[in-house]
Amino acid sequence: MITKSLTVGSWRNMGVANCGAYGMVKLIFGCGYLGKRVGLRWIDAGHEVHTVTRRQEKATELTRHGFIAHVADIRRPESLVGLPTADTVLFAVGYDRTSGESMYSVYVEGLANVLNTVDSPKSRWIYVSSTGVFGESHADWIDETTIPHPQREGGRVCLMAEQTLQKSRFADRAVVLRMAGLYGPGRIPRRREMETGQSIATNPGSYLNLIHIDDAAAVVVGVDDCPGPPSLLLVSDGHPVQRRDYYDYIARLWGLPAPLLVAPPVVESEGRGIHEDVPRRARGNKRIRNQLLRDTLPGVLRFPTYRDGLQSIVATEAKKEKEANEG
């Protein structure tokens, strides 16, 4: 294991090139909530896992977990020179709203920079996209054959990034994973608002599509192991839940007051900011079908419904609290 973070290219001079003798070489862009979990699974399987991060402190933290961390910036193609030739490239970059950069520059231009500079001619490329590319709906069922019609900036740039990958030299071995809402330990949609008694602007009868973070990571690993995966997969637990039922269930599990749900504003302007963007997301009302996912990776989902996933989180939190009290 490399015990310090590296600038791009320096790993070649440290004897790391032989680390992949007992496994394959994986390269991750975006080692956050999802990417880190995928990387840890690959490390446990004996693979050599490289990751790219902009921050030295994040690189140092990742090396402690067995990653070979490179400090580089996808917005600066000159910083990407010298990355390893990988068997798999995972692009799971999230958007940092505090960065001052546009979503387009991160998702589309950033991906284009990676595609143009990374020398992995035979690698499989996995791009983590979003079901937001479908836009709003009327509780319709959505699958891989549904034509995207994004109506929010996030969905539009994700679709443009998908198209950038599909037009690249790696298109014939690329897989796009359109993820539903990720949830898991430390990330439960709207729990914080409910704990503080804030009102939630949403349509109570509209549908919420979710996937537990551990299942999402298992899908990425499973797709990578699959000899001939589909080029596009929708990643969801396949059990959409109406928002009123989801919030009520959270309240019962954590012993919180009944949620206060209010109707979102009807009129919104273009160029809305982050806070103005929340109501439009809350009005999304589609149901994601995951039949192709289940056919491709049978048995991959440990948490087939949001209830299973939330119950697991409650049990884990209770166990940690008990251990802390006993310690």
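This is a predicted model: local features need pLDDT of at least 70, side-chain atom pairs count only at pLDDT 80 or more; totals for chains, interfaces and linings use all residues.
Residues are numbered from 1 along each chain as its sequence is written, and side-chain values use heavy atoms, with hydrogens and water left out.

Asn285 sits in the loop between α8 (274-282) and β16 (286-288); helices here are DSSP runs of H or I with at least four residues, strands are runs of E with at least two, and both are numbered from the N terminus. Asn285 is buried, with a relative accessible area of 14%, and buried means under 20% relative accessible area, exposed over 50%, and partly exposed in between, using a 1.4 Å probe and protein chains only. If we leave aside its neighbours within four places in sequence, Asn285 is in contact with Ser137, His138, Ala139, Asp140, Gly205, Ser206 and Tyr207, contact meaning heavy atoms within 4.5 Å.

Ala139 has a positive phi of about 65° although it is not a glycine, and its place is in the loop between β6 (124-130) and β7 (140-142). Ala139 is itself buried, at a relative accessible area of 18%. Arg190 also has a positive phi, of about 70°, without being a glycine; Arg190 lies in the loop between β9 (181-183) and α5 (191-195), and is buried, with a relative accessible area of 17%.

Now to the protein as a whole. There are 10 helices and 16 strands, and of the 327 residues, 50% count as buried. Among contacts between residues at least 6 apart in sequence, 78% join residues at least 24 apart.

I turn next to how the helices pack. Two packed helices are described by the angle between their axes and the distance between the axes. The axes are lines fitted to C-alpha atoms, for helices over the stretch in contact, and the angles run from 0 to 180 degrees between N-to-C directions.

How do α3 and α4 lie relative to each other, roughly parallel or roughly antiparallel? The axes of α3 (residues 103-117) and α4 (residues 153-166) come within 9 Å and cross at roughly 10°, and the two helices are therefore roughly parallel; angles under 35 degrees count as roughly parallel, over 145 as roughly antiparallel, 65 to 115 as roughly perpendicular and the rest as oblique. Residues of α3 including Tyr107, Leu111 and Leu115 meet residues of α4, among them Val157, Ala161 and Leu165. By class, this contact of α3 with α4 has 11 nonpolar, 2 polar and 1 charged residues, where Ala, Val, Leu, Ile, Met, Phe, Trp, Tyr, Cys and Pro count as nonpolar, Asp, Glu, Lys and Arg as charged, and the others, Gly among them, as polar.

Helix α7 (residues 243-254) and helix α10 (residues 306-326) pack at an angle of about 25°, with their axes 11 Å apart, which makes α7 roughly parallel to α10. The contact of α7 with α10 has 9 nonpolar, 1 polar and 4 charged residues.

The axes of α1 and α6 (residues 213-225) come within 9 Å and cross at roughly 55°, which makes α1 oblique to α6. On the α1 side the contact is made by Arg37, Val38, Arg41 and Trp42, and on the α6 side by residues including Ile213, Asp214 and Ala217. Here the classes are 7 nonpolar, no polar and 4 charged residues.

Within strand β4 we find Ala69, which is buried, with a relative accessible area of 0%. Ala69 and Thr51 are 18 residues apart in sequence and 4.9 Å apart in space, C-alpha to C-alpha.
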